[in-house]
Amino acid sequence: MTAGGPKVSVVVPAYNAAGTIQTLVDSLLRQSMPAAEFEVIFIDDGSTDDTGALLDKLAAAHPHIQVLHTENAGWPSRPRNLGIARARGEYVQFVDDDDWLADEALERLHAYAVRHDADIAIGRMVGHGRTVPRELFRVDRPDATLHDAPLIDSMTCHKMFRRAFLLEHDLRFPEDRRRLEDHHLVTRAYLLARRVSVLSGYTCYHHAKRTDGGNLTASRLDPAEYFDSLRAVLDIVDAHVPPGPQRDRLHRRWLRNEMLARLRGKRLRDAPRDWADQVVDEVGRTIRERFAPGVAAALPALQRTVTALAAEGRVEDLHRLAEWEAGVRAVVRLTGYELTGSTLVVTLTGQLRTGDGPITFTHVDGRDLLVVPVEEIPTDLRDCTEELRHGRLDVLARSARDGTESFLPVSFEVKRVTVPAGGLRVVYRGTATVDVDTLDGGPDPGDWALKARVSSFGWTKDAKVPLALSVGADGPVVVDKRPSTTPPPPPEKVGLWRRVQRTFGRRPGATGPGAVGAT
């Protein structure tokens, strides 16, 4: 350790993680920050497998690692609080036992936090079977606020907090077995922080879905318990933010992500009916009791519609709408590409479809109105004019090595097309540029898959682009993954036909997928 104490304390609650924790351990031992400059505090929450013995052995071999054994709390909140109390670092980084850090995560994120004097520093995250914030990590944000950045989309605790900030405001996790425990701490932290800095230029945190059933917080929620906890988070917002547009905007996050998301598409369609009905009841109650009209008013058309249906208890209409929305997807067509030196230019089109047809709208009295398969929906709820005005087409490159996603420069145009059966649809035509020399910080060897992201009508959907980029010592190579249009070869014959084949080769002009090197 340094004379003044470590720069960072990494706090890890661990429970029955003997089969999953090694990836995290390996990543901690690979950190570019010298071991003398950070400490790792594992809190073994009464594990009944070999987790405790494994961690004790690790701590015996590495002086900067320590283990605290506690009685089982059954929830990560108390172990994290014990870690805060034990920590001596300038900053505290929370990590879960099934996640891991990139090799330079601690060094880079700590330096970024110090450079910008941040109370909270958030490193770019990659999800492995889990969703992570998208727009938050589009660019670096040295001084992000709840007013000018989508901070509220990132509510997990997997961040770097200044320890003095945690202590000054007594920021702790609720120690009872409570859902949304991260939200209780992070919401207060956002509202109290003098500065929050977001590092998007380097992937710091890998957020993984545990597949062995050991993640207690991933179990099916009890609707009454869950929404009691959610309303307690809203109480935190209300205690710090007066009624008005800012409070409405913050409330909108929980309405959109924790409430409406459970009543849409596959999540509602595939849920047990009795459980889903309980969720509808709790959501409707919370909408009626806690949200001002301005909360739902700024949502996209479909979400406004779901809000109204839930508030009115129209359960059958919610299920009908969910069945339809479950089929919504992005459809992307690669129209061309050209590789010149280290620059790849890709052209493509994209749109949203459901079932056998496109998402459609009608244009009435200067407004665009979303077409939905539910009757008696007021036109004000179906007004999607604003969503279409802000729709976009993005293209991302995803690293095969670690899942890092990088937004590519894209220019696009929007075309409104009449649907034969009536109404209109939207088609996006775009051109994306991949500069290998700057992709994710430099021309490191590796393979990259491309995908498109269509944002329209309030949906954001991804689709694979049938193109891959492989960067090697000899430069980039593009792999076209579209199905071949070349007819199958004729059956093997002898005599004159074989001599003709050997003389003239394959059919002139025939093309197919394959590798194309730089020109």
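Hi everyone, and a quick word on the ground rules. The model is predicted, so local features need pLDDT of at least 70 and side-chain atom pairs count only at pLDDT 80 or more, while totals for chains, interfaces and linings use all residues. Residues are numbered from 1 along each chain as its sequence is written, and side-chain values use heavy atoms, with hydrogens and water left out.

Buried here means under 20% relative accessible area, exposed means over 50%, and partly exposed is in between, with a 1.4 Å probe and protein chains only.

Now for the charges. Side chains of opposite charge can pair when their charged atoms come close. I call it a salt bridge when a side-chain nitrogen of Lys or Arg lies within 4 Å of a carboxyl oxygen of Asp or Glu. The structure holds 44 of these salt bridges, and I have picked out a few.

One of them joins Asp103 and Arg30, with their closest N and O atoms 3.0 Å apart. This pair ties together distant parts of the chain, 73 residues apart: Asp103 is in the loop between β5 (100-101) and α4 (105-115), and Arg30 is in the loop between α1 (22-29) and β2 (38-45). A note on those labels: helices (H or I, at least four residues) and strands (E, at least two) are DSSP runs, numbered from the N terminus. As for accessibility, Asp103 is partly exposed at 34%, and Arg30 is partly exposed at 45%.

Next comes Arg138 with Asp394, where the closest N and O atoms are 3.1 Å apart. Here 256 residues separate the partners, with Arg138 in the loop between β6 (120-128) and β7 (141-144) and Asp394 in strand β15, residues 392-399.

Arg195 sits in the loop between α6 (181-192) and β9 (196-208), Asp143 sits in strand β7, and the two are 52 residues apart. Both ends are partly exposed, Arg195 at 29% and Asp143 at 39%. There is also a network: salt bridges with shared partners connect Arg134, Arg398, Glu405, Lys451, Arg453 and Asp462.

On to the hairpins. Strands count as paired if DSSP finds at least two bridges between them. Strands β10 (residues 329-340) and β11 (residues 343-354) run antiparallel and are joined by 11 bridges. Within that pairing, Leu339 stands opposite Leu344 in β11. Two residues lie between the strands of this hairpin, and Gly341 takes a positive phi near 65 degrees.

The other hairpin is made by β13 and β14, again with two residues between the strands, and Asp365 in its turn has a positive phi of about 50 degrees. Four bridges connect β13 (residues 361-364) to β14 (residues 367-370), and the strands run antiparallel. His363 is found opposite Asp368 in β14.

Finally, the helices. Axes are lines fitted to C-alpha atoms, for helices over the stretch in contact, and angles between N-to-C directions run from 0 to 180 degrees. How do α7 (residues 223-240) and α8 (residues 245-259) pack, and at what angle? Their angle is about 165 degrees, with the axes 10 Å apart. The two are therefore roughly antiparallel, a label for angles over 145 degrees, with under 35 being roughly parallel, 65 to 115 roughly perpendicular and the rest oblique. The crossing of α7 and α8 is right-handed, meaning that the near helix is turned clockwise from the far one by less than a right angle, with anticlockwise being left-handed.

The axes of α12 (residues 301-311) and α13 (residues 315-325) come within 10 Å and cross at roughly 155 degrees. That makes this pair roughly antiparallel as well, but with a left-handed crossing.
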